[in-house]
Amino acid sequence: MIGIFSVIEKRFLDYISSISFTKEQDNILNILKLEHTNRVVNLSEILAESVFNTQEDYIILSKIIAVLHDIARWDQMKTYGGFTDIQGDHGETGAAIISRNDMLNGIETKYKQIVLTAIREHNKKYSGKYDKFTQMFVDIIRDADKIDNLYIEVENYNNSDKSLKNILPFSGEHRLSQKIYDNIMSESVSDSKDRETIIDFKFFKMSWCYEIKIPKSIEIIRESKYIGDIYSDISNPDDMMIKAYEKICEYLENRIT
């Protein structure tokens with residue numbers, strides 16, 4: 001497995017470079033997806049090391065999953081002008097792109113299936129339906145992806161050069177939807193289709209804490225203080241928002257790592 005990550009990373013970069021975009025689209029992809037991919041690779045390495053210790057092949061496999069996990073986002077931007085899973089789940093589409101372009105050549109067949117499974121599952125609600133070994137790779141990419149999306153919410157949302165506001169399809173109403181609130185209070189994650197407002201979008205992301213599986217991931221989220229930073233961006237929170245935030249904080253504080 002030594003050296004194969006660089007080979008597959010090059011295949012990924014060659015693939016996304018082969019698609020033509022406007023300058024604005026290219027900027028969005030570089031800021032929101034290529035930089036995200038690079039950070040998820042680094043996070044996946046950290047999480048894999050916490051799980052697999054010195055088993056280098058498994059750490060490299062986790063990085064391969066990470067570098068490819070959002071490959072379908074470039075196709076979405078080209079086809080739809082933005083990031084939407086309405087026309088097709090980007091995890092499923094990504095796995096199809098990888099298979100169609102033989103991007104995993106050089107990897108043992110049993111590991112190819114793990115890569116494709118992890119990419120298909122990385123953006124779905126948690127199922128835990130795979131064997132323990134496969135599930136560990138699914139958990140690593142899901143956790144790493146969620147951690148970095150919390151980072152993006154904190155670092156990019158109000159930055160004029162990196163703002164997400166122009167691509168969020170949500171209402172600017174200052175309210176937390178009942179479904180999002182109810183799920184948070186029952187320590188579960190809502191369906192993405194339940195999001196109606198930008199406030200929902202923020203609380204939906206914060207509620208991902210309930211699906212984080214790897215102890216090191218919980219440590220990172222606690223130390224980063226992303227949840228508090230996201231909440232602090234909400235002006236004049238009402239009682240529902242306050243209770244939902246306190247519930248998530250209570251869960252994080254009591255979660256055993």
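Predicted model: local features only at pLDDT ≥ 70, side-chain atom pairs only at ≥ 80, totals over all residues.

Which residues in helix 1 meet helix 2, and which in helix 2 meet them? From helix 1 we have F5, F12, L13 and I16. On the helix 2 side, the partners are L34, T37 and V41. Sort that contact by class and you get 6 nonpolar residues, 1 polar and no charged ones.

Helix 1 covers residues 4-17. Its axis and that of helix 2 are 13 Å apart, at an angle of about 165°. Anything over 145 degrees counts as roughly antiparallel, so helix 1 and helix 2 are roughly antiparallel to each other. Helix 1 passes helix 2 in a right-handed crossing.

Stay on helix 2, and turn to its next partner. Helix 3 is residues 56-68. Here the axes come within 8 Å and cross at roughly 155°. That angle makes helix 2 roughly antiparallel to helix 3. The crossing is right-handed.

Who touches whom? Helix 2 brings T37, V40, V41, S44, E45, A48, E49 and F52. Helix 3 answers with Y58, I59, S62, K63, A66 and V67. By class, the contact of helix 2 with helix 3 has 8 nonpolar, 3 polar and 3 charged residues. Note T37 and V41: they meet helix 1, and they meet helix 3 too.

Next pair: helix 5, residues 90-100, and helix 6, residues 109-121. How do their axes cross? They come within 6 Å, at roughly 150°. Helix 5 is therefore roughly antiparallel to helix 6. The handedness of this crossing is right-handed.

The contact list on helix 5 reads G91, E92, G94, A95, I98 and S99. Across from them, in helix 6, sit L116, I119 and R120. The classes are 4 nonpolar, 3 polar and 2 charged.

Last topic, the pocket. How much space lies in the largest pocket? About 1,300 Å³. Its lining has 40 residues. Nearest the centre are R73, D85, S192, R195 and F201.

Which elements give two or more residues to that lining? Helix 2 (23-52), helix 4 (72-80), helix 7 (132-156) and helix 9 (198-206). Helix 2 gives the most, with 5 residues.

Over to you for questions.

Note on methods
Residues numbered from 1 in each chain as written. Heavy atoms only, no water. Axes fitted to C-alpha atoms, helices over the stretch in contact; angles between N-to-C directions. Helix = DSSP H or I, 4+ residues; strand = E, 2+ residues; numbered from the N terminus. Parallel < 35°, antiparallel > 145°, perpendicular 65-115°, else oblique. Left-handed = near helix turned anticlockwise from the far one by under 90°. Contact = heavy atoms within 4.5 Å. Nonpolar A, V, L, I, M, F, W, Y, C, P; charged D, E, K, R; others polar. 1 Å grid on protein atoms, 1.4 Å probe; cavity = no way out; pocket = protein on both sides within 12 Å on 5 of 7 lines; lining within 4 Å. Points joined across faces, edges and corners; volume = space filled by probe spheres on them.
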